[in-house]
Amino acid sequence: DTQLVRRGFSGCLRDISLKMTDSPSEEWKLLDWKKATKKVEVYESWEGCPLQTVKGVHFLGDGYLELDRGVFSGGHDFDISMDFRTDHLSALLLFIYSTQTEDCVLVELEAGLLSFILASGGHTTELRMWVGLSYCDGDWKQLSLAKRGSLIFAAVDEWAEEIRAVGGAARLSVDSPLYLGGVPTELSHSVLNVQSHKHGLGGCIQGLTVRSDERTPSVSGSINLLVAYRRSVRVNLDGCPTSESRFNCRGNDSVLVYTGRRTQATDNSLQPFT
């Protein structure tokens, strides 16, 4: 009657030992990772795992977190908020769509701009606003999104803007999984193909909160990502590194770590990288 949990482990494993013999005495052998015959969507050993973490989900870049269907289903009025941190200029933060219509929501950052695309009722509205370059300094930022009838609102910390939706107060109806930090490479959608750069988030997300008038009562609910996720690729659910980036908006370039004549050097403040 045993049932397998068909959900991949999202985190870190090390020091796995296998008992090779039981008699006359136990003999244990440490698992050699280099002898793996197959490897699918796992980290390289050199990427490591943080020993000290803070609350949150760590996105290693070029991946995504897929949440259960029904976590968010749209509505005439809704709110979505989360805290994020990154030290890269470009990142896809959130995407959800309808499998029956063209309705969707796409949120991403690109070179100092926040793009909030909302398609509903056969019309597409794009709220693009300048949020400065401070969001990619590695510190936590709060993202807030809202729809109130025909009014669309977005904010990143103190930067905020609102516009009227094209086509008026149409109801948003979405039924796909909710994607955070990126999308699967095989996922094809007109909005993604035309308007998204598809940069996976390199950073962290915490405190996802969703409110929709589709739910009764219409109250904000905090989403436990450890429970709600159904698939993760290059995401560490164990937590976020405690150290915060010292390099503002460095993009995908290299960072000089040491210069000198010594043949050995130790640096205790290196950042995670991919």
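This briefing walks through the fold, the cores, the aromatic pairs and a few individual residues of the chain above. The model is predicted, so please keep its ground rules in mind: local features need pLDDT of at least 70, side-chain atom pairs count only at pLDDT 80 or more, and totals for chains, interfaces and linings use all residues. Residues are numbered from 1 along each chain as its sequence is written, and side-chain values use heavy atoms, with hydrogens and water left out.

**Overall build**

- The chain contains two helices and 19 strands, where helices (H or I, at least four residues) and strands (E, at least two) are DSSP runs numbered from the N terminus.
- Along the principal axes, the C-alpha atoms fill a box of roughly 75 × 65 × 30 Å.
- Of the 274 residues in the chain, 43% are buried; buried means under 20% relative accessible area, exposed over 50%, and partly exposed in between, with a 1.4 Å probe and protein chains only.
- Among contacts (heavy atoms within 4.5 Å) with a separation of 6 or more, 71% join residues 24 or more positions apart.
- The chain exposes about 15800 Å², and carbon and sulfur atoms supply 49% of that area; accessible areas come from the Shrake-Rupley method with a 1.4 Å probe, and for residues only the protein chains shown count as cover.
- There are 28 positive and 35 negative side chains, and the centres of the two sets lie 4 Å apart. Here Lys and Arg count as positive and Asp and Glu as negative, while His and the chain ends are not counted; each charge is placed at NZ of Lys, CZ of Arg, CG of Asp or CD of Glu.

**Nonpolar cores**

- A nonpolar core is a set of buried Ala, Val, Leu, Ile, Met, Phe, Trp, Tyr and Cys residues joined through side-chain atoms within 4.5 Å.
- The largest one has 45 residues, and Leu65, Leu67, Leu180 and Leu208 have the most contacts inside it.
- Apart from this core lies another, of 14 residues, among them Tyr64, Phe95, Tyr97 and Leu106.
- Not counting residues up to four places away in sequence, Leu65 touches partners including Val57, Phe59, Leu178, Leu180, Leu225 and Leu237.

**Aromatic pairs**

- Rings of Phe, Tyr and Trp (its six-membered ring) pair if their centres lie within 6.5 Å; planes under 30 degrees apart count as stacked, over 60 as edge-to-face and the rest as tilted. By this rule the count comes to three aromatic pairs.
- Tyr64 and Tyr179 make an edge-to-face pair, at 5.9 Å centre to centre with 70 degrees between the planes.
- Tyr64 is in strand S4 (residues 57–67) and Tyr179 in strand S15 (residues 178–180), so this pair ties together parts that are 115 residues apart in sequence.
- Tyr64 counts as buried at 5% relative accessibility, and Tyr179 counts as buried at 6%.
- Phe95 and Tyr97 are a stacked pair, because their ring centres are 5.5 Å apart and their planes stand at 25 degrees. Both of these residues are buried.

**Backbone details**

- A cis peptide bond runs from Ser23 to Pro24, with omega near 5 degrees. Pro24 sits in the loop between strand S1 (17–21) and strand S2 (27–30).
- Ala111, a residue other than glycine, has a positive phi near 55 degrees. Ala111 belongs to the loop between strand S8 (104–110) and S9 and is partly exposed, at 41% relative accessibility.
- Arg234 also has a positive phi near 55 degrees. Arg234 is placed in strand S18 (residues 229–236) and is buried, with a relative accessible area of 19%.

**Ile152 and Glu161**

- Ile152, in strand S12 (residues 151–156), is buried with a relative accessible area of 1%.
- Not counting residues up to four places away in sequence, Ile152 touches Phe116, Leu118, Thr125, Leu127, Ala146, Glu161, Glu162, Ile163 and Ala165.
- Glu161 lies in strand S13 (residues 159–164) and is partly exposed, with a relative accessible area of 34%.
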